[in-house]
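Please find below some notes on this model, arranged as numbered points.

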Amino acid sequence: MNYLSVENLTKSYGIRVLFNEITFGIDQGQKVAFIAKNGTGKSTFLKILHGVEGYDSGNVVFRNGIKTGFLIQSPEFPPEKTISEIVFNSESEQIQAVLAYEKALENPDDHDGMQVAFDKMDSLDAWNYESQIKQILGQLNIHDLEQKAAVLSGGQQKRIALAQVLIEEPDFLILDEPTNHLDIEMIEWLESYLSKENITLLMVTHDRYFLERVCNEIIELDDETLYRYRGNYSYFLEKKQEREEVFEANVSKAQNLFKKELEWMRRQPKARGTKAKSREDAFHVTKEIAHQKKDKSKVALEINMSRLGSKILEIHHANKAFGDLQILDDFNYIFKTRERVGIVGKNGVGKTTFLDIVMGMQEVDSGKVVQGETVVFGYYTQSGMKLKDDKKVIETVKDIAEVIPLNKGKKITAAQLLERFLFPKHMHYNLVEKLSGGEKRRLYLLTILMKNPNFLILDEPTNDLDIITLNVLEEFLEEFPGCLMIVTHDRYFMDKLVDHLFVFEGDGKIKDYLGKYNDYRLELKAKSNAKNTAPKKEVKVVKEVAVQNPGKDTAPKIKLSYKEKVEFEALEYDLEQLEIKKKELSDRLNNATTEHEEIMEITTEFGTVTKALEEKTDRWLVLSEFA
């Protein structure tokens with residue numbers, strides 16, 4: 001059954017053509033990825049399908065009666081709206097019933113309202129739906145539904161928009177970079193969720209493991225033309241290479257034939273017979289093929305790395321804590337030449353703090369961090385990308401240097417460097433605000449590399465970069481002779497570049513794991529499976545006493561009582577609030593301008609909050625066994 005038909009679709013901005021007369025269709029159950037270079041119209045194409053962007057000519061037709069869900073790249077919500085109002089903004093009776101039930105739980109003394117909510121859930125058979133909604137919200141780390149959109153970061157808004165789309169259970173999902181701002185556990189869950197047979201999907205993503213494991217078809221926009229590959233990412237790479245080899249062979253053959261036919265054309269008189277006329281027509285076809293040009297432009301990365309001495313970076317008996325939150329506990333490590341390390345761990349365990357310590361932006365509580373005299377850091381971080389939108393592209397580069405030294409004594413101008421990074425001359429005087437998200441990332445990467453670092457720290461470098469640029473960046477980093485430290489949710493990127501991992505396990509413990517990230521995840525799953533299949537010890541089950549029927553046999557507790565269910569719901573909210581408070585106190589402790597007396601007060605409060613968090617977490621775990 002066909003869900004989407006696109007026929008002869010053309011879109012341009014002035015003389016710049018994004019795509020020209022592209023045609024394709026998507027059927028029920030297909031999972032399709034859309035691949036193209038940054039700035040060639042991926043997000044524009046999805047906006048056209050969404051109906052928020054116009055097009056020059058062609059037709060876009062969705063099947064009547066299907067429900068379509070769209071996830072845009074950078075969603076924004078009205079600041080006064082709560083997460084609950086955003087997530088449950090749907091006409092679905094089941095969703096509205098779940099919302100009414102959640103509101104009833106907030107007023108447990110209103111027994112009539114509670115009964116109405118229960119009856120509505122029963123009549124619509126919405127209990128499984130409620131469970132699924134909570135699973136989606138929980139997996140995406142969305143707990144405090146009364147938070148206002150005004151206080152949410154861009155990453156939080158993206159996760160909320162994704163939850164909203166998934167909860168509505170549309171027939172056809174259209175997703176723009178769904179893995180951005182998700183941690184690795186979230187990505188692996190989403191990967192499993194979208195692999196379900198009954199889901200029809202069209203998405204733009206740079207996550208190559210995601211493409212490999214979720215998609216069964218890839219469409220590529222290349223030089224204004226659409227190409228289809230009926231397979232996953234591995235199949236796409238194989239067939240794309242074959243297509244390009246055939247193209248090159250045909251052009252080469254046509255060029256040889258064109259030279260011969262050109263000589264014949266020059267020798268022939270103007271008056272020709274029928275056979276000669278036919279040969280002349282064939283000559284023009286050959287000429288057109290011979291003059292075809294493939295856009296082979298790609299990012300050219302080349303730097304003159306500063307010399308790196310034998311002493312690079314040494315960390316000795318480092319300890320770092322914020323109140324009861326331990327970040328480093330007697331951590332020791334000596335970095336060697338061509339070090340390649342990946343940083344992994346759950347949010348809140350101190351990965352960013354560790355990077356700040358390495359960079360000298362934070363001090364350790366005890367121990368020491370010794371940096372070699374020749375080390376030049378290049379720190380690519382999400383928070384560090386502060387390009388000025390009102391500046392021209394070339395001004396952004398010239399602010400750092402007009403002329404940039406390269407290897408072997410060569411030099412290059414700012415304009416030439418921009419062209420190597422796929423910013424053609426006509427873009428040099430564009431304002432930064434006119435660039436796509438991926439183009440801004442590429443420009444920011446350029447400003448980092450042109451400082452010629454010999455120790456690169458990359459914090460989520462892959463967001464919004466196209467696959468072509470990612471491949472070139474990987475090739476460059478594989479040959480990079482300096483040290484490399486990577487924090488990323490892109491598992492493919494990490495597996496390709498790192499030799500070992502610093503695994504942040506919490507409580508200041510950091511495990512040095514020798515191997516790739518995929519090896520580490522497989523090892524964790526093997527341990528988890530072994531634990532689940534091991535013989536379980538006998539557990540004494542607490543029994544509820546049936547007060548109203550004292551003579552009746554008691555039964556093992558198998559579900560929560562009404563009061564416990566209300567308590568369980570309240571605990572989830574309390575835990576979220578305590579986490580927020582803990583983060584706020586941690587940030588205040590980390591503020592260099594905070595007075596000593598205030599630090600002591602904050603530390604005391606931090607300990608109180610941490611203790612409360614532990615106690616409520618223990619109670620939540622007990623109740624969750626029966627939830």
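1. Two strands are taken to pair if DSSP finds at least two bridges between them. In this predicted model, strand β3 (residues 31-35) and β8 meet that condition, since they pair in the parallel sense over four bridges. Within this pairing, F34 stands opposite I219 in β8.

2. On its other pairing, β8 is joined by five bridges to strand β9 (residues 225-229), and these two strands run antiparallel. The bridge partner of D222 in β9 is T225. The hairpin of β8 and β9 has two residues between the strands, and in it D223 takes a positive phi near 55°.

3. Why can strand β8 be called largely enclosed by the rest of the structure? Six of the six residues of β8 (residues 217-222) are buried, so the description follows from the count, buried here meaning under 20% relative accessible area. In a regular strand the side chains alternate between the two faces of the sheet. In β8, E217, I219 and L221 point one way, whereas I218, E220 and D222 point the other way, and all of them are buried.

4. Helix α5 (residues 127-139) has 13 residues, which at 1.5 Å a residue should span 18 Å, and the distance of 18 Å between its end C-alpha atoms agrees with this. The buried residues of α5 are Y129, E130, Q132, I133, I136 and L137. These residues cover an arc of only 160° around the axis, which puts them on the same side of α5. An α-helix has 3.6 residues a turn, so residues three or four places apart point the same way.

5. The cover over the buried residues of α5 includes α2 (83-87), α3 (93-105), α4 (111-123), α6 (154-167) and α7 (184-194). Just after α5, N141 takes a positive phi of about 60°.

6. The largest nonpolar core has 56 residues, and those with the most contacts inside it are L166 and L194. Leaving aside residues up to four places away in sequence, L194 touches K31, L166, L173, L175, I199, L201, F210 and V214. Apart from this core lies another, of 43 residues, which includes V432, L445, M494 and L501.

7. How many disulfides does the structure hold? The structure holds zero disulfides. Of the cysteines, C215 is buried, because its relative accessible area is 6%, and C483 also counts as buried, because its relative accessibility is 0%.

Definitions and conventions:
Residues are numbered from 1 along each chain as its sequence is written. This is a predicted model: local features need pLDDT of at least 70, side-chain atom pairs count only at pLDDT 80 or more; totals for chains, interfaces and linings use all residues. Side-chain values use heavy atoms; hydrogens and water are left out. The expected span of a helix is 1.5 Å times one less than its number of residues. Buried means under 20% relative accessible area, exposed over 50%, partly exposed in between (1.4 Å probe, protein chains only). The arc is that of the directions from the helix axis to the C-beta atoms. Contact means heavy atoms within 4.5 Å. A nonpolar core is a set of buried Ala, Val, Leu, Ile, Met, Phe, Trp, Tyr and Cys residues joined through side-chain atoms within 4.5 Å. A disulfide is a pair of cysteine sulfur atoms within 2.5 Å.
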